[in-house]
Amino acid sequence: MIIIIYLFVMILLLSVGLVLVIISTNKREGRWGINTSTVVCPKCGTTFPKRRKPANLRQALWGGGTCQNCSCEVDKWGKELNKI
Ligand SMILES: [Zn+2]
């Protein structure tokens, strides 16, 4: 009986994760989506390399990168991030 409950919870969590990814991908914003298209710097128009090198933990976890040309930081959708 316990194993059935465990499986049910696992499937439920996976479904929630999948829904988050699908919604975020469709909206083209947020952390959960998957961006397969090329990202271009919003400031100078430089194309980001496909094979990205994360400059910090946030980039490693959620994607995005820093522009090689103007060091502008963007998320995985190519939107500029506000620097603190
Ligand atoms: Zn740039």
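**Group meeting: a walk through the predicted model**

Okay, confidence to begin with: the mean pLDDT of this protein is 91, and 98% of its residues reach 70 or more. For anyone new to it, pLDDT is the predictor's confidence in each residue, on a scale from 0 to 100. What you have up there is a predicted model, where local features need pLDDT of at least 70, side-chain atom pairs count only at pLDDT 80 or more, and totals for chains, interfaces and linings use all residues. Numbering starts from 1 along each chain, as its sequence is written. Confidence is highest in α1, at a mean of 96, and lowest in α2, at 90.

Helices here (H or I, at least four residues) and strands (E, at least two) are DSSP runs, numbered from the N terminus.

Now the overall shape. The radius of gyration is 17 Å, while a compact globule of 84 residues would have one near 12 Å. That radius is taken over C-alpha atoms, and the globule rule is 2.2 Å times the number of residues to the power 0.38. Along the principal axes, the C-alpha atoms fill a box of roughly 60 × 25 × 25 Å.

How much of the protein is buried? Buried residues make up 8% of the 84. The cut-offs go by C-beta atoms placed from the backbone: with 20 or more others within 10 Å a residue is buried, with 12 or fewer it is exposed, and in between it is partly exposed. As for contacts between residues at least 6 apart in sequence, 40% of them join residues at least 24 apart. A contact means that two C-beta atoms, placed from the backbone, lie within 7 Å.

Let's go to helix α1, residues 2–27. Take I23, which sits in α1. I23 counts as partly exposed because it has 13 C-beta neighbours inside 10 Å. From I23 to K79, 56 residues along the chain, the C-alpha separation is 18 Å.

What happens just after α1? There, R28 takes a positive phi of about 55 degrees. R28 is in the loop between α1 and α2 (57–62), and it is partly exposed, with 13 other C-beta atoms within 10 Å. S71 also deserves a look: its phi is near 55 degrees, a positive value in a residue other than glycine. You'll find S71 in the loop between β1 (65–66) and β2. With 11 other C-beta atoms within 10 Å, S71 is exposed.

Back to the α1–α2 loop for T38, which also has its place there. T38 is exposed, since it has 10 other C-beta atoms within 10 Å. The C-alpha atoms of T38 and W77 are 39 residues apart along the chain and separated by 8.8 Å.

Next, V74, in strand β2 (residues 73–74). Why is V74 classed as buried? Because it has 21 other C-beta atoms within 10 Å. Leaving out residues up to four places away in sequence, V74 touches V39, C41, P42, G64, G65, K79, E80 and L81. The C-alpha atoms of V74 and Q59 are 9.2 Å from each other, with the two residues 15 apart along the chain.

Last stop, G78, in the segment after β2. With 18 C-beta neighbours inside 10 Å, G78 is partly exposed. Again setting aside residues up to four places away, G78 touches V39, V40 and P42. And S15? G78 and S15 are 63 residues apart in sequence and 27 Å apart in space, C-alpha to C-alpha.
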